[in-house]
Structure formats: structure tokens, C-alpha cells
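Hi there,

Here is the structure I promised to pass on. Have a look at it, and then read my notes below.

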Amino acid sequence: MSPEASKEGNDLVVVANRLPVDFTTDDDGSISWRRSPGGLVTALEPVMQSADGAWVGWGGAADVYADPFEADGMTLVPVTLNEDEIEQYYEGFSNDTLWPLYHDVISQPAFHRQWWDAYRRVNRRFAEAAAAQAGTGGTVWVQDYQLQLVPAMLRELRPDLRIGFFDHIPFPPYEIFSQLPWRRQVVEGLLGADLIGFQRNGDAANFLRTVRRVTRHSTRGQVIMFEDDEGRPVREVRASAFPISIDSRRFDSLARQDSTRERAAQIRTEIGDPDIVMLGVDRLDYTKGIRHRIKAYGELLDDGRLTVEEATLVQVASPSRENVDAYQELRDQVETAVGRINGEFGELGHAAIHYLHHSYPPEEMAALYLAADVMLVTSLRDGMNLVAKEYVAARSDEHGALVLSEFTGAADELNGALLVNPHDIDELKSVIEQAARMDPKEQRRRMRRLRRKVMADDVAKWSSSFLRTLEEMPVAPVAPELQDDDSQAPGVELVEALDRLAATDGLVMVATDFDGVLAPLVDDPSSSRTTPRSARALARLARRPSSQVRLALVSGRDLDTLASLSHAPSGTLLVGSHGAERGEVGADGVVRHELELTEGQASLLQRITEGLEEIAGRHTGVWVEKKPTASVLHTRRSTHDGATQATEAARGLAERLGVGALEGKDVVELQVVETSKGKAIDALRNELGAKRVLYVGDDVTDEHAFAVLTSDDVSVKVGGGETIARYRVSSTKSVGLLLEHLARAMERHKRS
Ligand SMILES: O=P(O)(O)OC[C@H]1O[C@H](O[C@H]2O[C@H](CO)[C@@H](O)[C@H](O)[C@H]2O)[C@H](O)[C@@H](O)[C@@H]1O
Ligand SMILES: O=c1ccn([C@@H]2O[C@H](COP(=O)(O)OP(=O)(O)O)[C@@H](O)[C@H]2O)c(=O)[nH]1
């Protein structure tokens, strides 16, 4: 699908390998879906349930062609993968090349060129799907290692977008990453984003170092600098840590419910009422250190430091990536170890390990957490590990101890856990024993500290902090360029005027002309488009509260053309045909404020149109545009003499018919309803109750708008020519910079 497919589109699009649901084909051939596994889904689900946006992802099965659909308050947009792509892109390159490489090479990564080809192909498909969903100037947030090429591909397709990327897994040290035969392409793919988020500071540092090694970009702190051939900065990319979290309140309240407490008590009874319940919850993945945990526990039983009467281990090992060899081998090893330990130490009514190769819903997870005295998280490497945070959120009773591997992202944050190096089996045994025997007072002291962190830093905070940082990323340095570009204008003074405007205590109306202001002037007027920078800045302004700023587009174009070419954000007021047409961009398209012509006006309009068409017929390169209340003679493509003669003839026609002729650059407009941009600005200001107005225009018709502004307002002329505007900038590029500066200044002066 081409990006043009979505004229309206979403302000926020999340792109992840997985949708929060997996499709399954039932026996009767019908398709149904169930929740998909893993922490990425756990984290993003509440974010997208409360956001207005779309989630683009794969449905977990081959060859599912489904239209976008609504589920649990989210708009889900399925991307189709065939069986070969699942094998080569998902199981192969993502989970048998990148996953082991990024997790300290715990398992040997496989490098296959065919897998890389599939990875590129599928990344392009995701990029195209995201491009088709995102509205002009919108934000696309790409997730995780499966989609590292999407940011650059998307930037190429849609330079107007703000692009974020979040890496849920560790980013390895350069010495390991550099094994990847396609290391440069992967880094360049990621650098298509404006902001790249990592779980830990160490991951961001590894990435920045890698950028310095494989590209020519320099870094300044956490910022990667892009420069043009003359060494001038043209773009910045930030790489920082944004530790992910969970919907803490949801787990807290789930665990407080009577039904959950009852279920927790029932679980304890069902496993033989031991004194100490230890719990492990992981996808069956070799990164999770399940074997190390079982080995340490088995040795504690063997040493007699724990007995099956007093302690039992419940191990949930949910199925994961079952077609990948390393995962099949792990399953064999874990199940052999569990069988051996149960055979050796288990007794009737007292199993040593309750091994559950299933996936449970959050309600059951909360009951398991409540039933557990000791939570074991012993990953050999883990991006974050949300299970650790969920355990803490569930323990409002301040009971329980968390054993946490120092190789998880969570270890950087969870002060109060018992940290452990899972490779050191003796240490692991001691820490498990310490947790099992921890007195209630110490449990409470530690749990309080843990809960303060987990309850305060939840997933809503994570996403808003990432998206706010993304929004605040400069697209390019602003004020210096304004000064460079605009020799006729005091750039600094204009910047100061914009800052004063942003600090207004009351509503500001930001009104602009379209052609020559938001969009460069082109020979074919139907190909005009808002520049990406202006589109992005307008989208930012549109997200401000409507009590702070309202946007208006004031153009000589007819309303429908103006709406479709400008792609203005929802809520923008539209003034077409110099004020003869009014409307507003709504969520589902333009809402028109209808204007009816009298019979006399309608017949006058017909005579105007016929007269202008007769003039156009006499001159090559002259044509007539029809509007609801006027007709316009265009002379841009004619010779100089032809244009002069045609314009003169149009003036004569206006005089004969007794109508006004509004002249602009290479246009003469003959109107049956007397309007002007000045009248339109006055009307809008009154309707909105705007305290101050910014008006940016380039044409002589914009002088009418400048004329109605007061000394508190800000008037900006684009380009040369006489003007009564107070400030001047040189080009549509400067307009983008100006709007961007205003958006940033308004964000600083937040108002609810
Ligand atoms: O989609 P799968 O192949 O079934 O795998 C499930 C998810 O596993 C990984 O989760 C990671 O994200 C968590 C949240 O940020 C984090 O806590 C954990 O440490 C990571 O391993 C993977 O990154 C996801 O893409 C998968 O969906
Ligand atoms: O049977 C299960 C096992 C796990 N999970 C959830 O899966 C996520 C695992 O996330 P984590 O970050 O710990 O690891 P990942 O699997 O993403 O590597 C957590 O939200 C768990 O509650 C679940 O809902 N049911």
C-alpha cells in the first residue's frame, strides 16, 4: 500500500513484530485469537489501550490476511507473514541470529544470508504498513530487535514522521555485535529513528560506541550528529535509557481481589501446603537461567539445606519459539533435570518441583505471585524482566523475597531485591536459602522499598517519558538557521516574538496561508504539499490544549482542495476561497460550514466563468479555476506578454460585470461574494476569542490579513516584495523552522 493511502491516518502508530493477540485456526477452519506471549505485549497493551493510535504487527500464524480490527480498546493492524518468512525472519534471523548475539552469545548465533534477505524483506513490509497508517507529521514508535531496519526504511517513505525505536533486549558490547556480518546495515537502519531507547544506560553506551566504530558520525554525550558535506549539523539522533515497566496498579489491584487471594490459598493447598513456596515464571528460554536455578535448588535438597516437606519450587515455563533447535534442546534439558530431581527427592504429596509447561492469564499469574514466598529470577541476560516487577506490584501485603539476577535490566532499578550472579551456583544456593529463611521484618523492609519504585515508575510513565523526549527532539538547529536564511529579517527578534506569543496567557491563533508558506510554489498546483517540517510542527501544535492554541489555514484555494493538499491536523480551521468558504478538519474529514449563493450571485458567477474561459481560450498557458463563490484566471504558465494581456482582459471583465478583482501572484480572482483574508482573520479571531494571532503569508492577498493584526500580534511575510508585515523569512523551509520553534516554546509553557 502506498503511504498516500491514508490521508487522515493516526497520530501515533506502534509497530512491533507481535500484535497483542495470536491468531489460531480452529478445527472448523474459523480464525480466533488469544493473548500473545512475552513482556513486550504486557507492557505495550495498557499503553495502547489508553492511547488513540494503531498497533501494527504480526498475528503469530502463517498466511493470515485480516483487515485492521478493534480488540480490547485497541486498533490492531495485522501484517501477513508466510511460512518461509516465519522460518527465516522470525525463527531464523530474529531468534537464532540476533537473540543469542544480543544475549551475550549464551547460545551460538547462526549467520545465514537467506535469513538476512528475509529480515530485510519483512522489515520493509512492516515499514510500508506503518507508513500507510500514520497521519501527516505523526509519530511512529518501532519496537525491538526484529524490526531494526524499519526506522530508516520508514524515514525514506515518510520523511514527515517523527520516528522512535525501543530496544527491549540488551544491546551487546561492540566486540560481540561486530560478529554480525550486516552490522553496518543494522546500525544505519536504527539511525533512521530520531530517538532510540534502551532498557539500561549500559545498552545505550554500547550502542553509541558501536555507532562510532561502524559509521562516520560523531557523538556528543547521548546524541549522534549527522552533518552535511560542509560539516554543518543537519540531524540529531538521541540514544538513551528508558527502563520499561508494568501496569503496576493493575497488578496491585488484581492481587488485592478476594478471588485472587482465594486462588492463591488454593494453589498452596494443591501443592501440599509447604512452608516455603518458591516460584519461577519464564518463557522457556535459555536466557532465563532456568537450568541454573533448578541445579541450585536440586543441590540445596541434596545438601539437606532444604527439604521437600518445607519447600517446593513451582516453575512455570511457558512455551516459546518451539521450532528453534536451541529451544528444543533447552526443553529436553530442563525436563530431564526436573524429572531427575523429582524422582530423587520427591515424596508422595510433596513434589520437589511443580513444572508447568503452560501459559497463564494475568489473573492466575497474580495468584501465583501471592502464593509465592520466594520469587526466583535468575536470567543469564534479560533486557528488563517484567516478572520481577509484577511480583513486587502484587505484594501489597509486603510479604515475600525477590531473588534477582544482576544480569537483568530490573537489577539496575530494584533496590531491595537479593542480587545474584546465577553462574555462581554456590552463591545462588546461598541467596536462595537466605530468601527462604528471611524473617518477615526484613521482607517488609525490602518489599516496601521495592514497591515504592515499582508503583511510582509504571509503564504509563515509561511511554510518556519516551514520547515526550521524542517530541522534543530538534529536527535541526532552529534559531541559527532562521538568522542565516533571513538576511532581511531580524531572526533573533522574530524568535523572541514567537517566545512571547508562546507565553501568552490566553488563546493564540496560528494562521497561515498554504501556497508559498506551508507548501513551496510549484508549476502544477495539484502537486503542492505541506513541507514535512511544517507538517510535523503543525501536528505538534495541534496536540496542545485547545485553550492554548488553535490552527487556521487561510487560502485562496477552494476548501476541498485546501483540505486534501494540506493534510492539516484534526481541529484546524479552514478558510477557503479567500474567506468565502469555511470548514474545520475533523477526525473523519472536513466538516463544511455551508454557504449558499443567491440566484443573482449564481448567475453572476456563471457569467464570470464564461468570460474568463473566453480569455483563457485566447492565450496559451492560461487556464481557469472554478470555486464555489469565484472563478480564477491563472497565468503562471503563460509568456510574459500573454499573462499581461490576459490579466488586463480579466480586469476589464470585472469592471464590466461590476465585481471585485482580487489579484495575486499570476492570478486574478473574480468574486461574487466580497471577501478577503483580512475579513476572515477578524471573523476567526472573534469566534475563537483569540487573544493574540500569528499570521504567516507570502502573497499580496495576505496583506489584507496583515492589515487587521494589532501590535500584540505577529505578522510574518515569506519571501521578497513589499509588505506591511513586521517580520520576514525567506522560504517555506524557514516557515517550518519558525513553526517548530513555536511548537517547542508552547510545549515549554504547558497549559491544561
Ligand atoms: O514474541 P516472542 O518471540 O514469543 O517473545 C516474547 C517477547 O520476548 C522478549 O521480551 C523482551 O521484552 C520485555 C519487555 O520489555 C523485557 O522485559 C524482556 O527482558 C525482553 O526479553 C522480546 O524482546 C519481545 O520482542 C518478544 O515479544
Ligand atoms: O504463563 C505466563 C507466563 C508469563 N506471562 C507474562 O509474560 C511476561 C514476561 O515478561 P518478561 O519481561 O519477564 O520476559 P519476556 O518473556 O518478555 O522475555 C510477563 O508479563 C508475565 O506476566 C504470562 O502472562 N503468562
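Does Tyr369 count as buried or exposed? Tyr369 counts as buried because its relative accessibility is 0% (buried means under 20% relative accessible area, exposed over 50%, partly exposed in between, with a 1.4 Å probe and protein chains only).

Before going on, please note that this is a predicted model, where local features need pLDDT of at least 70 and side-chain atom pairs count only at pLDDT 80 or more, while totals for chains, interfaces and linings use all residues. Residues are numbered from 1 along each chain as its sequence is written, chains are lettered from A and ligands numbered from 1 in the order in which they are written, and side-chain values use heavy atoms, leaving out hydrogens and water.

Now to the aromatic pairs (ring centres of Phe, Tyr or Trp, taking the six-membered ring of Trp, within 6.5 Å; planes under 30 degrees apart are stacked, over 60 edge-to-face, the rest tilted). The count comes to 26 such pairs. Phe251 and Tyr369 make a tilted one, with 6.0 Å between centres and 55 degrees between planes. Tyr369 also pairs edge-to-face with Tyr391, at 6.2 Å and 75 degrees. Because Tyr369 lies in helix H12 and Tyr391 in helix H13, this pair ties together parts 22 residues apart in sequence (helices are DSSP runs of H or I, at least four residues, numbered from the N terminus). Tyr391 is buried too, at 0%.

Finally, ligand 2: one of its oxygen atoms is 2.7 Å from a side-chain N or O atom of Thr42, and another contact puts a polar side-chain atom of Arg283 2.6 Å from a ligand 2 oxygen (polar contacts are N or O pairs within 3.5 Å).

Enjoy exploring!

Definitions and conventions:
A polar contact is a pair of N or O atoms within 3.5 Å; within protein, one must be able to donate a hydrogen and the other to accept it, and residues adjacent in sequence count only if both atoms are side-chain atoms. Helices (H or I, at least four residues) and strands (E, at least two) are DSSP runs, numbered from the N terminus.
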